[in-house]
Amino acid sequence: MALAVVKDLRVARAPATVEDLEALETEVLAGFVLARAAAGLSDGTISSDVVHLEQARAWSGRPLWEMEPADADAYFGKVLRSTAKGTRLARAQAIKTFFLFLELRHKVEIH
């Protein structure tokens with residue numbers, strides 16, 4: 001048996017740059033698409049989910065993982081208030097599924 005060097009996990013990392021966050025956001029969305037395709041969903045369903053996520057992202061102006069409950073309340077209660085019920089439901093389902101994906105695959109990187 002030999003000793004091995006153990007890396008201290010508590011070492012502070014440098015704050016992420018804007019470019020790092022943009023790259024992570026692109027990587028996360030690409031992973032989401034690949035995971036949905038691997039699960040056997042149709043291209044139309046995946047495309048619809050991505051459109052819903054991009055619209056929510058455009059509204060918030062920041063990565064979706066930074067969305068707070070108050071943001072969701074404002075988005076669904078004010079912004080989407082006059083849209084069709086099916087549209088609101090589809091958008092909510094896409095966001096919910098995206099957050100579940102984040103929790104499963106990218107929790108550490110986002111933190």
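Biologist: Which residues of α1 are buried?

Modeller: This is a predicted model, and in its helix α1 the buried residues are Leu24, Glu25, Val28, Gly31, Phe32 and Arg36.

Biologist: Why do you say that the buried residues of α1 line one face of the helix?

Modeller: Look down the axis of α1: the buried residues fall within an arc of 130 degrees, so they line one face. On the other side of α1 you find Glu19, Thr26, Leu34 and Ala38, which are exposed.

Biologist: What makes the length of α1 agree with that of a helix?

Modeller: Helix α1 has 21 residues, residues 18–38, and at 1.5 Å a residue they should span 30 Å. The end C-alpha atoms of α1 are 30 Å apart, so the two values agree. After α1 comes Gly40, with a positive phi near 95 degrees.

Biologist: Let's go to the aromatic rings. Why is Phe32 called buried?

Modeller: The cut-off for buried is under 20% relative accessible area. Phe32 has 1% relative accessibility, so Phe32 counts as buried.

Biologist: What makes the pair of Phe32 and Phe101 edge-to-face?

Modeller: Two rings pair if their centres lie within 6.5 Å, and planes over 60 degrees apart count as edge-to-face. For Phe32 and Phe101 the values are 5.7 Å centre to centre and 75 degrees between the planes, an edge-to-face pair. This pair links distant parts of the chain, with Phe32 in helix α1 and Phe101 in helix α4, 69 residues apart. Phe101 has 8% relative accessibility, so Phe101 is buried too.

Biologist: How many aromatic pairs are there in the whole structure?

Modeller: A search of the whole structure gives five. Another of them is Phe98 with Phe99, at 6.3 Å centre to centre and 80 degrees between the planes, which is edge-to-face as well. Phe32, Phe98, Phe99 and Phe101 form one aromatic cluster.

Biologist: Why is Phe99 called partly exposed, and why is Phe98 called buried?

Modeller: Partly exposed sits between the two cut-offs, 20% and 50%. Phe99 has a relative accessible area of 25%, so Phe99 is partly exposed. Phe98 has 6% relative accessibility, so Phe98 counts as buried.

Biologist: What is Phe98 in contact with, leaving aside neighbours within four places in sequence?

Modeller: Phe98 is in contact with Val28, Leu29, Phe32, Leu53 and Leu64. Phe98 also shows up in the largest nonpolar core, which has 16 residues. There, Val28, Leu53, Leu64 and Phe98 touch the most other members.

Biologist: Which helices supply that core?

Modeller: α1, α2 (43–60), α3 (69–79) and α4 (85–105) each supply at least two residues. α4 gives the most, with five residues.

Biologist: What puts the buried residues of α4 on the same side of the helix?

Modeller: The buried residues of α4 are Arg91, Ala94, Ile95, Thr97, Phe98, Phe101 and Leu102. They cover an arc of only 160 degrees around the axis, so they sit on the same side of α4. The face turned away from that buried side carries the exposed residues Lys85, Leu89 and Leu104.

Biologist: And the histidines? Why is His52 called buried?

Modeller: His52 has 10% relative accessibility, so His52 counts as buried. His52 lies in helix α2. Not counting residues up to four places away in sequence, His52 touches Thr87, Ala90, Arg91 and Ala94.

Biologist: Where is His106, and why does His106 count as buried?

Modeller: His106 is in the loop between α4 and α5 (107–110). The relative accessibility of His106 is 9%, so His106 counts as buried. Beyond its neighbours within four places in sequence, His106 is in contact with Glu27, Val28 and Phe101. The C-alpha atoms of His106 and Leu24 are 9.5 Å apart, while 82 residues separate them along the chain.

Notes
Residues numbered from 1 in each chain as written. Predicted model: local features only at pLDDT ≥ 70, side-chain atom pairs only at ≥ 80, totals over all residues. Heavy atoms only, no water. Helix = DSSP H or I, 4+ residues; strand = E, 2+ residues; numbered from the N terminus. Expected span 1.5 Å × (residues − 1). Buried < 20%, exposed > 50% of the residue type's maximum accessible area, 1.4 Å probe, protein only. Arc of directions from axis to C-beta. Core = buried A, V, L, I, M, F, W, Y, C linked by side-chain atoms within 4.5 Å. Contact = heavy atoms within 4.5 Å. Phe/Tyr/Trp six-rings, centres within 6.5 Å; stacked < 30°, edge-to-face > 60°.
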